[in-house]
Protein chains: 2
Amino acid sequence: MLYPTPVAKLIESFSKLPGIGIKTATRLAFHTLSMSDEDVNDFAKNLLSAKRELTYCTICGNLTDQDPCAICQDETRDDQVLLIVESSKDVSAMEKLNEYRGRYHVLHGLISPMNGVGPDDINLKTLVTRLMDSEVSEVILATSATADGEATAMYISRILKPAGIKVTRLARGLAVGSDIEYADEVTLLRAIENRTEL
Amino acid sequence: MLYPTPVAKLIESFSKLPGIGIKTATRLAFHTLSMSDEDVNDFAKNLLSAKRELTYCTICGNLTDQDPCAICQDETRDDQVLLIVESSKDVSAMEKLNEYRGRYHVLHGLISPMNGVGPDDINLKTLVTRLMDSEVSEVILATSATADGEATAMYISRILKPAGIKVTRLARGLAVGSDIEYADEVTLLRAIENRTEL
């Protein structure tokens with residue numbers, strides 16, 4: 001006998017989370033035992049309601065507790081610009097800036113031939129349907145600056161360009177606050193190519 | 001609006017756990033959303049039942065789902081040896097060895113003058129009551145080799161020695177597999193002092 005069954009089960013649940021091994025899971029489980037009843041009840045309730053109440057917006061694919069999501073329902077948003085991201089977390093990152101006022105489209109993944117993920121495996125079909133008869137004049141590709149992110153961006157731009165839609169992507173360059181000395185070569189090359197006039 | 005309320009609440013719950021900041025909490029919350037319904041339900045159930053069904057053994061103070069705990073109830077255990085540890089996790093560490101067959105006493109903390117924790121704040125009173133009229137002939141102090149662990153061990157040994165009970169503590173020395181070059185000075189000194197004959 002190592003731990004009483006209820007502790008062992010809780011440790012097992014924690015250890016199923018990403019990046020949490022058996023030692024951390026044990027620490028978290030024991031911490032839970034020392035938490036107030038209220039906090040533990042809230043935790044359990046939040047787990048269940050997050051799973052139960054959340055769904056994906058049928059228009060943009062963003063995670064939401066109402067369909068269509070708050071952003072798609074917001075009439076003050078600019079219908080002419082559509083920003084394409086990999087996940088709902090990226091929508092939040094953009095929204096935090098309080099700068100972008102257009103619409104979103106969430107792909108839920110990136111095209112990744114290495115991992116067997118093709119164009120049909122991500123939320124692309126609804127993007128095409130959505131763009132027909134829409135006012136969108138510019139699509140901003142905000143996928144990650146990784147191999148999969150670039151492949152996905154290239155694929156989407158190849159589909160959309162013939163339709164006469166302006167397709168742009170986020171700038172590549174030095175991260176603000178970063179040191180040229182430590183920048184990798186590819187980033188430095190892009191930063192020189194895309195230099196801007198002062 | 002950053003995240004729908006159910007996600008925001010779940011992130012908050014995760015971020016209350018020790019060592020989990022807002023970024024990790026967000027990652028864990030989003031992972032939860034992609035888990036199966038069954039796994040999430042189990043997680044919530046395990047949280048609640050761990051909190052509800054677990055209690056501390058009235059004899060040894062160990063975490064248990066039955067009182068007295070399985071170890072205190074086990075009649076094959078040696079009543080003459082009592083091993084004193086800081087927490088239930090230490091009991092598990094000892095039990096994993098499958099070597100020790102005596103009884104335990106869990107302190108739930110260590111005497112720590114720096115943090116205002118005195119002898120009355122840990123599970124010591126029941127230890128003294130327990131030792132009266134008991135068959136215990138040896139008490140093994142297995143508190144950590146830290147300042148607080150040593151202080152607690154010294155305090156307990158000073159109480160028990162006048163009662164004629166043999167008090168021992170775990171050996172200090174080089175960790176097995178460790179390099180003398182990297183051993184700290186105090187450990188090396190203890191290792192020389194406590195050298196054993198081959």
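Reader: How many salt bridges count between chain A and chain B, and what makes a pair one?
Author: The count is 2. A salt bridge needs a side-chain nitrogen of Lys or Arg within 4 Å of a carboxyl oxygen of Asp or Glu. Lys16(A) and Asp39(B) meet at 3.5 Å, N to O, so the pair qualifies. The model is predicted: local features need pLDDT of at least 70, side-chain atom pairs count only at pLDDT 80 or more, and totals for chains, interfaces and linings use all residues. Side-chain values use heavy atoms, without hydrogens and water, residues are numbered from 1 along each chain as written, and chains are lettered from A and ligands numbered from 1 in written order.

Reader: What makes residues of chain A and chain B count as in contact?
Author: Contact means heavy atoms within 4.5 Å. By that rule, 50 residues of chain A are in contact with 51 residues of chain B.

Reader: Which helix of chain A gives the most to the side that touches chain B?
Author: Helix 3, with 14 residues. Helices are DSSP runs of H or I, at least four residues; strands are runs of E, at least two; both are numbered from the N terminus. Helix 3 spans 37–53, so it meets the helix length rule.

Reader: Why is one side of strand 4 and of strand 6 in chain A left without a neighbour in the sheet?
Author: The open sheet has the order 4-3-5-6, with parallel pairing. Strands 4 (103–106) and 6 (166–169) stand at its edges, each with a single partner strand, so one side of each stays without a neighbour.

Reader: How do you know that strand 5 and strand 6 of chain A pair?
Author: Pairing requires at least two bridges found by DSSP. Strand 5 (residues 138–141) and strand 6 have 4 bridges, so they pair, in the parallel sense.
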